[in-house]
Amino acid sequence: MHAVAKKSASNKSDLLPGLIVAAHGKHYRAELDDGRLISCVTRGKKTGTACGDRVEIALTATDQGVIERIAERTTRLYRSDLYREKIIATNVDQIVVVVAAVPSFYEELINRCLVAAETAGIRALIVLNKIDLPETVAAEQTLALYASLGYPLLKLCAKQDVAPLRAALANHASVVVGQSGMGKSTLINGLLPDANIREGDISAALDSGKHTTTQATLYHLDCDSHIIDSPGLQEFGLHHIEIEEIAQAFIEFRPFLGQCRFHNCRHLVEPGCAMDDAVTAGNINPRRLKMYRALANEKLRAPRIYAT
Ligand SMILES: Nc1nc2c(ncn2[C@@H]2O[C@H](COP(=O)(O)OP(=O)(O)OP(=O)(O)O)[C@@H](O)[C@H]2O)c(=O)[nH]1
Ligand SMILES: [Mg+2]
Ligand SMILES: [Zn+2]
């Protein structure tokens, strides 16, 4: 479908700089620095380009091109199953984890998002959406733990007022993540009343009338801020993260790491583990230690397929 780029097109001078603003499988949309929107593909079988990437493109038609180069990324948010990595977004400095009381959310997924964020060096904040629903009270209780750890917790109703989030997004490159149905796209729609997200919504609408997001899309908020919408997550595999990194990513563990009886303690069943002591002393919440152990055990049980 796409013409192959001529050889001369890979000359540095012919390449046009741009930003990947939509990624769906191997098909991408890039916004060139001159403002043009281009459909593009990667060369050959290469994949691994993601929304947020700065790229250089060789045009193959006025509105089509091939991605020839990906600039070095400042950050890379990704998840992985046993066999492969899936990049969610690149060059973001903030993750907005969106949860709502209905449909019910998995607390474990929040922890997985936070571990991925901490490991990637990206700041995380949590949005509790749909506060118009009465079921919200129980969700607030669950989320209080994360607020107490220092993760900003914003409570709002995306359908009515997204103002509480606006200030947190200013001057940031953000990505929204969360389970399907939490209201990520509604939130972005509220931030961008005039944006073309609505057109996207219509074309993506299923017969049922649901507007589930199937591709990552970047939206400009202003010249210094943008936000990436992402498809709902069912799983957030962390197979690419080592056990020691998982422990570091539980931020409240940090003061106690290195204080266990065994220097190579994995904080699972070892006697004299400082994390157990910290739970007893009230410095670590037992839910978080349990969550850490579930993630660490999953890592231990997984066969080592990744080359290191
Ligand atoms: N009551 C209530 N419903 C909301 C609110 N925000 C979103 N919803 C509804 O929740 C449903 C899911 O919203 P979406 O924005 O499509 O959710 P999403 O997180 O983008 O879902 P995926 O794209 O599938 O990942 C829709 O029916 C919205 O109308 C809210 O603040 N209150
Ligand atoms: Mg969506
Ligand atoms: Zn320990």
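These legends accompany close-up views of a predicted model. Residues are numbered from 1 along each chain as its sequence is written, and chains are lettered from A and ligands numbered from 1 in the order in which they are written. Local features need pLDDT of at least 70 and side-chain atom pairs count only at pLDDT 80 or more, while totals for chains, interfaces and linings use all residues.

**View 1. The largest nonpolar core has 80 residues.** Such a core is a set of buried Ala, Val, Leu, Ile, Met, Phe, Trp, Tyr and Cys residues joined through C-beta atoms within 7 Å; buried means that 20 or more other C-beta atoms, placed from the backbone, lie within 10 Å of the residue's own. L77, I95, V97, V99 and C113 touch the most other members. Helix α1 (residues 107-120) gives the largest share, seven residues. Helices (H or I, at least four residues) and strands (E, at least two) are DSSP runs, numbered from the N terminus.

**View 2. Strand β4 (residues 54-61) pairs with β1 (residues 16-24) and with β5 (residues 64-70).** Pairing requires at least two DSSP bridges between two strands. β1 and β4 run antiparallel and are joined by four bridges, with G18 opposite V55. Six bridges link β4 to β5, also in the antiparallel sense; L59 has G65 as its bridge partner. Two residues lie between β4 and β5 in this hairpin.

**View 3. Ligand 1 is surrounded by 20 residues.** Each has its C-beta atom, placed from the backbone, within 6 Å of the ligand. The closest are S180, G183, T186, T213 and G232. Helix α4 (residues 184-191) supplies the largest share of the shell, three residues.

Methods
A residue is buried if 20 or more other C-beta atoms lie within 10 Å of its own, exposed if 12 or fewer, and partly exposed in between; C-beta atoms are placed from the backbone.
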